[in-house]
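Open the model in your viewer and keep the selection tool at hand. This tour goes chain by chain and stop by stop.

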Amino acid sequence: MPILEIKAISHNFKGLTALSQIDITVQEGEILGIIGPNGAGKTTLFNIISGFLRPTYGKILFRGKNIVGLRPDVIARQGLVRSFQGAGLFPKASCLENLIMAHHLYKEIGFWKTLLHTKSYAARELEVKDKSLQILETLHLTGVKDAGAHDIPYGHQKMLGIAMALATDAQMLLLDEPVAGMNPPEAQAMAEEIRRIRRGLGKTVVLVEHNMKMVMGVCDRVVVIQYGQKIAQGKPEEIKNDPRVIKAYLGTAER
Amino acid sequence: MTELMQTILNSLVLSANYILLALGLSLIFGILRVLNFAHGTFYICGAYAVYALAKMAGINYFLATLMAMGVVGGLGILIEAVILFPLAEKVKVASLGAILGVSMVLEGMLSFIFEGEDVTIGSYFKGTVSLMGATLSVERIMVVILCGIIVLGLYLWIRKTRQGIAIRALAENPKVASLQGINTRSIRFLVMGIASCLAAVAGAIVTPLFYINPFMGGSIVFKALLIVAVGGMGSIEGSILAGLLIGFMESIGVTYLGPIAEVASFIVVIAIFLFRPRGLLGVEYEFH
Amino acid sequence: MNFTKGTSKGIVLIVLILVLMLLPVIFPNPARIGMFISCGVASILAMGWLMILRIGCLSLGQVAFLAIGGYTSALLAQKLGVSPWIGLLGGGVASGLVAFGIGVVFLKVRGLSLSIITFAFAEVVRLVFSTLGFFGGHGGILEIPKFNPLTLPGWGTIQFDSPFSNYYILLMILFLCGIFMWRMDHSALGRTFKSLPQNEDLAESLGVYPLRYKVINFVTACFFAGVAGAFTAHYYGCLYPGSYSVHQSIIVQIQATVGGASSVALGGLLGGFLMVMVESWLLNVDARWVFIFYGSVIIVVTFFLPDGLLSLPQKMKKVLNKT
């Protein structure tokens with residue numbers, strides 16, 4: 001059952017073709033990896049899917065509904081959420097506050113109820129705080145809950161970023177370079193977390209990455225993009241041995 | 001014919017004024033990365049300095065202008081040293097607030113020293129000249145010519161001299177420039193000094209022609225900002241063209257449309273800052 | 001720990017409210033009370049300024065909304081015979097509507113560009129009010145009716161022709177404004193506001209529509225500025241477009257900054273009251289000191305106390321901890 005269908009997405013930008021006729025189908029519950037040399041257009045694709053960029057041409061169906069042209073917050077509300085390169089956190093807030101903020105879409109409460117601090121509002125606030133504390137505990141970050149988001153180690157920041165995307169209760173997550181800048185044990189932990197997201201929570205994950213080892217180890221399928229075009233797709237073993245992919249990556253892959 | 005020529009001349013005078021100010025503002029923003037809201041007040045300080053020296057102390061007008069340049073230039077450098085440089089690394093809202101504060105302090109001090117009504121020093125170059133059948137004030141012609149010389153001089157200096165090139169390098173990429181051995185600190189002083197002098201000259205030019213009061217600075221700096229916005233920050237040619245354009249439009253507008261024309265310039269400012277994609281000023285200031 | 005903090009905060013709040021309510025009783029001199037009224041108006045504007053700062057905007061045009069509120073209420077009273085009491089609401093609504101109209105367009109821009117736009121807008125408003133005959137031109141509007149007497153059960157009829165009685169009207173507005181903004185700030189809404197200048201893209205990806213929240217924030221701040229403006233129109237009985245100059249907007253910024261951005265309501269209150277009291281004293285000494293005062297204050301505060309007076313206890317703690 002495809003949850004996301006990217007159809008013929010093309011994007012031109014100031015005379016350059018960033019993406020050309022991208023066709024990708026993501027099945028519900030799978031972990032899909034998107035790889036490709038730098039500048040291939042992967043982040044552009046993410047920006048387009050999540051609504052931060054409007055493609056020059058093409059459609060994207062999320063659970064059958066075209067999301068091209070929708071605002072990012074509307075797309076998030078539909079159940080498709082992305083994380084950002086770097087950690088994507090609120091720098092001036094504490095870790096706990098970051099997580100609380102991430103629950104924005106969780107049981108949204110109206111303006112007046114918020115202002116008047118009605119019972120339902122108060123109850124939700126408490127619930128959100130508890131959930132956030134729980135999440136912090138699973139991430140082993142309870143000790144630093146009040147620390148500034150940028151004061152914790154980078155690996156933890158990235159975990160927090162992922163946790164925030166999870167907090168939205170979205171069915172599908174787009175993770176932009178989730179293990180970039182992490183050392184091997186941290187990358188391992190992240191990979192395990194991503195598997196857990198799919199296994200335990202049933203979510204679909206699409207990730208962009210440069211760390212080949214991680215991608216091959218975690219993803220069900222891999223799509224390769226070069227110069228804005230899809231040049232290969234398939235299971236990790238197939239991709240690893242695909243001559244076109246090897247050629248594209250000559251000397252640039254992290255193995 | 002006379003009316004047309006006079007309107008043209010008046011427009012040129014206004015343009016000259018604005019161009020000098022816009023260039024200073026542009027320079028300061030490019031190097032110091034601060035929008036000098038006090039620039040209009042520097043201008044008024046220059047005007048008052050000339051007034052005080054020429055009218056009250058009886059010093060020759062040109063000498064007074066040079067001295068005023070020194071005074072205001074020194075003021076600018078002082079402010080850079082004491083206020084702008086120390087705040088350079090902090091959140092941008094800090095330098096904005098401080099600059100507004102400087103502007104207010106200067107205005108307050110001016111109102112102390114020169115209490116009472118608006119002043120003018122009256123025409124220096126008396127007389128008129130006949131040009132193409134129109135009677136034109138010599139004063140205004142001289143003003144336009146002088147400004148033209150100054151702007152040309154500045155243009156050549158920026159393009160050709162070592163300091164000029166250093167300034168452009170620093171404006172484009174401060175980190176790389178300092179790695180290349182360009183002394184950021186001294187360039188900042190230089191730029192602030194020059195920009196302040198330009199403001200002083202503009203002020204000096206204006207005192208014989210118009211009345212001034214200590215609180216005019218605000219709307220003046222806005223006009224300068226408008227010109228920089230239209231012409232493009234950092235572009236001398238742009239400032240010149242925009243200055244001419246705005247000067248002419250304002251002159252004609254006020255003559256034929258009345259006070260409501262002033263509103264137009266503010267609306268244009270709003271439009272420009274709304275629709276320019278990344279904000280004209282390139283570096284977006286975030287206020288936290 | 002939280003319990004004691006909450007109670008001490010509560011006590012401070014109650015004392016504050018009591019003091020504000022008793023000020024005209026403790027200092028019955030009408031000129032003094034007039035000053036307190038100015039303090040209150042300044043506080044409302046400062047609170048609005050701080051509220052807007054939350055979404056990352058440094059507004060240089062707050063007085064425009066003071067003007068819109070004032071003119072609306074004055075004209076409603078003069079031309080349509082509307083009661084000033086209703087006019088208060090009218091002024092607020094008018095300001096709010098204008099704020100909404102420009103907000104949905106302006107608030108898409110950020111940073112310095114936005115500040116410049118607010119500055120320009122304030123000047124446009126001032127010029128429109130001072131040139132168009134409908135608004136009375138440069139001379140402004142005179143003979144604006146005062147607040148109609150109120151008959152309250154048990155209190156008799158209250159006239160509103162003295163600073164004393166008008167003070168309490170302003171106090172009501174001030175309390176409403178303070179409580180409303182305090183509530184907003186310390187709620188999920190306030191959280192969302194604060195998230196926008198930190199990482200707007202992230203907020204969007206978490207389901208926040210930034211423009212909606214910026215507009216809510218902006219309209220609220222301007223609504224109260226409008227109500228305050230309407231109040232001043234009826235209290236002073238006249239309006240002059242010249243008093244809504246950019247300098248006044250900058251003074252709002254200075255007052256708010258001195259108060260402190262950590263709490264919208266308290267910072268605005270503190271900044272407004274303190275600064276206006278000093279300003280009033282200076283006006284008695286020599287009016288020319290005022291600009292120098294405000295200018296120097298913001299420079300000093302920028303260097304030594306950028307987070308305002310409210311941050312003083314924290315700063316002192318730090319200093320004391322070091323020694």
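Two residues are in contact if their C-beta atoms, placed from the backbone, lie within 7 Å. Keep that in mind at both interfaces. This is a predicted model, in which local features need pLDDT of at least 70 and side-chain atom pairs count only at pLDDT 80 or more, while totals for chains, interfaces and linings use all residues. Residues are numbered from 1 along each chain as its sequence is written, and chains are lettered from A and ligands numbered from 1 in the order in which they are written.

**Stop 1: where chain A meets chain C**

Select chains A and C. Here 27 residues of chain A are in contact with 18 residues of chain C. Now colour α2 (72–78), β6, α3 (95–102) and α4 (111–116) of chain A: each supplies at least two residues of the side that touches chain C. These labels follow DSSP runs, numbered from the N terminus: helices are H or I with at least four residues, strands are E with at least two. Which element gives the most to this side of chain A? It is α2(A), with four residues. By class, this side has 15 nonpolar, six polar and six charged residues. Ala, Val, Leu, Ile, Met, Phe, Trp, Tyr, Cys and Pro count as nonpolar, Asp, Glu, Lys and Arg as charged, and the others, Gly among them, as polar.

**Stop 2: chain A as a whole**

Hide the other chains. Chain A has ten helices and ten strands. Its radius of gyration is 19 Å, close to the 18 Å that the globule rule gives for 255 residues, so chain A is as compact as a globular protein of that length. The radius is taken over C-alpha atoms, and the rule is 2.2 Å times the number of residues to the power 0.38. Along the principal axes, the C-alpha atoms of chain A fill a box of roughly 60 × 40 × 35 Å. Among contacts in chain A between residues at least 6 apart in sequence, 67% join residues at least 24 apart.

**Stop 3: the six-stranded sheet**

Show chain A as a cartoon. Look for an open sheet of six strands, in the order β6-β7-β8-β3-β9-β10 (chain A), with mixed pairing. Two strands pair if DSSP finds at least two bridges between them. The edge strands, β6 (80–82) and β10 (229–234) of chain A, each pair on one side only.

Start at β6(A). It pairs with β7 (172–176) of chain A in the parallel sense over three bridges. Select A:Arg82: its bridge partner in β7(A) is A:Leu174. Next, select helix α1 (42–49) of chain A. This helix packs on the sheet, touching β3 (31–35), β6, β7, β8 (204–208) and β9 (221–226) of chain A. The direction of α1(A) makes about 150 degrees with that of β7(A). Axes are lines fitted to C-alpha atoms, for helices over the stretch in contact, and angles run from 0 to 180 degrees between N-to-C directions.

Move on to β3(A) and β9(A), which pair in the parallel sense over four bridges. Pick A:Gly33, whose bridge partner in β9(A) is A:Val222. Then β9(A) and β10(A) pair in the antiparallel sense over five bridges. Here A:Gln226 has A:Gln229 as its bridge partner. Two residues lie between the strands of this hairpin, where A:Tyr227 takes a positive phi near 50 degrees.

**Stop 4: where chain C meets chain B**

Bring back chains B and C. In this interface, 37 residues of chain C are in contact with 38 residues of chain B. The largest share of the chain C side, twelve residues, comes from α5(C).
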